Amino acid sequence: MKDEKILFIAETTFTKKDFKKAVDYYDLLAEEFPKTKFYTGLIYGKAWSYYELGEYNASLSNFKIIVNDFPGDKFAQDALFRIGICNYSIGNFKESEKAFLKFIDKYPLSNKAAEAFYLFGEIKYGLEDYSEALKYFERAINIKTSEPWILSSYYHRGWSLLKSGRVEEAIKDFKKISG
């Protein structure tokens, strides 16, 4: 079987949400064609398959391969972001923080930068570091591409303000999200 055909089957299987089987096809592609021109695509697909299965450590390992071994690849930006998400999902907030900071540094105006700032703010909020959380929620709000994250950022910034004793400012944020 040709590498394009195996990749097509793997991606079709992924699309049908049979993620375990998709991993098997991605593994078959890597085994049969270790030098395939689709190598980063298969690693990326495999990482996403594991992510969808909730196997964040396996997903993380595959996203790291793309970022570390193929930093200029078209999948590298999203893979770096997903490293932050995977670490966040398993509660490894320090590693998540490092990945998000690296992502924000490399791609400060990307569509995902606002989400990274928002999630970074959530991490700081969860650690009860409200002054740092405020900074990151504010940065998420200020990115023009952050529309999906604006309301959540106002909400969590409001709570950060409230927990910091800044009640009047918190009320303003809560009013922004209530209409």
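**Pocket, core and overall fold of a predicted helical model**

By class, 7 nonpolar, 4 polar and 4 charged residues form the lining of the largest pocket. The structure examined here is a predicted model. The volume of this largest pocket is about 200 Å³. Its lining comprises 15 residues, of which Leu7, Glu11, Gly41, Tyr44 and Phe75 are the closest to the pocket centre. At least two lining residues come from each of helix H1 (3-15) and helix H3 (39-53). The greatest contribution to the lining is that of H3, with 5 residues.

The chain as a whole contains 10 helices and 0 strands, and its elements accordingly follow the order α-α-α-α-α-α-α-α-α-α from the N terminus on. Along the principal axes, the C-alpha atoms fill a box of roughly 65 × 30 × 30 Å. Of the 179 residues in the chain, 45% are buried. Among contacts with a separation of 6 or more, 43% involve residues 24 or more positions apart.

The mean pLDDT of the chain is 91, with 97% of the residues reaching 70 or more. Among the elements, H4 has the highest mean pLDDT (97), whereas helix H9 (residues 147-163) has the lowest (85).

In soluble globular proteins, nonpolar side chains tend to be buried together. In the present model, the largest nonpolar core consists of 44 residues, and those touching the most other members are Phe63, Ile66, Phe100, Phe103 and Phe117. At least two residues of this core are supplied by each of H1, helix H2 (19-32), H3, helix H4 (56-69), helix H5 (76-89), helix H6 (93-106), helix H7 (113-126) and helix H8 (130-142). The largest share, 9 residues, is provided by H7. For Phe103, when residues up to four places away in sequence are not counted, the residues touched are Gln77, Leu80, Phe81, Pro108, Ser110, Lys112, Ala113 and Ala116.

A further residue, Asp173, is located in helix H10 (residues 167-178). Asp173 has a relative accessibility of 2% and therefore counts as buried, the cut-off for this class being under 20%. With residues up to four places away in sequence left out, Asp173 touches Tyr154, Arg157, Gly158 and Leu161. Between Asp173 and Ala10, the separation is 163 residues in sequence and 46 Å in space, C-alpha to C-alpha.

Conventions:
Residues numbered from 1 in each chain as written. Predicted model: local features only at pLDDT ≥ 70, side-chain atom pairs only at ≥ 80, totals over all residues. Heavy atoms only, no water. 1 Å grid on protein atoms, 1.4 Å probe; cavity = no way out; pocket = protein on both sides within 12 Å on 5 of 7 lines; lining within 4 Å. Points joined across faces, edges and corners; volume = space filled by probe spheres on them. Helix = DSSP H or I, 4+ residues; strand = E, 2+ residues; numbered from the N terminus. Nonpolar A, V, L, I, M, F, W, Y, C, P; charged D, E, K, R; others polar. Core = buried A, V, L, I, M, F, W, Y, C linked by side-chain atoms within 4.5 Å. Buried < 20%, exposed > 50% of the residue type's maximum accessible area, 1.4 Å probe, protein only. Contact = heavy atoms within 4.5 Å. pLDDT = per-residue confidence, 0-100.
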